[in-house]
Amino acid sequence: MIPKSVPKKLQAVIAHWDDERTIENGIIIMIKSGYKWNFDDHGLHVRGYDTVREAIDDLRDVVPCDCEQCK
Ligand SMILES: [Zn+2]
């Protein structure tokens, strides 16, 4: 479940939010098809975070994606 502290605008691009911190996997986020994190040339669609704050910061850098996987 996506925490309420995540702004609605950012929630809109999240496909799955799995908080697995209790089993030490961190917070695993998959973003919706058609979007990616704007951090590398490969188009990342799934990322892991230690904190909600970090995840929110990175979600601000989600951009449209037209990779093969998203088509
Ligand atoms: Zn993509």
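Reader: What share of the 71 residues of the protein chain count as buried?
Author: In this predicted model, 11% of the 71 residues do. To count, a residue needs 20 or more other C-beta atoms within 10 Å of its own.

Reader: Which residues make up the largest nonpolar core, and what makes it a core?
Author: Happy to list them: Ile29, Ile31, Trp37, Ala55, Leu59 and Val62.

Reader: Which residues is Trp37 in contact with, leaving aside its neighbours within four places in sequence?
Author: Leu44, Arg47, Asp58, Asp61 and Val62. Each counts because its C-beta atom lies within 7 Å of that of Trp37.

Reader: How do you know that β2 and β4 pair?
Author: Two strands need at least two bridges, and β2 (residues 26-31) and β4 have four, in the antiparallel sense, so they qualify as a pair. In one of the bridges, Met30 is partnered with Val46 of β4.

Reader: Why do β1 and β4 stand at the edges of the sheet?
Author: The open sheet has the order β1-β2-β4. β1 (14-20) and β4 (46-49) each have a single partner strand, so one side of each is left without a neighbour in the sheet.

Notes: Residues are numbered from 1 along each chain as its sequence is written. This is a predicted model: local features need pLDDT of at least 70, side-chain atom pairs count only at pLDDT 80 or more; totals for chains, interfaces and linings use all residues. Helices (H or I, at least four residues) and strands (E, at least two) are DSSP runs, numbered from the N terminus. A nonpolar core is a set of buried Ala, Val, Leu, Ile, Met, Phe, Trp, Tyr and Cys residues joined through C-beta atoms within 7 Å. A residue is buried if 20 or more other C-beta atoms lie within 10 Å of its own, exposed if 12 or fewer, and partly exposed in between; C-beta atoms are placed from the backbone. Two residues are in contact if their C-beta atoms, placed from the backbone, lie within 7 Å.
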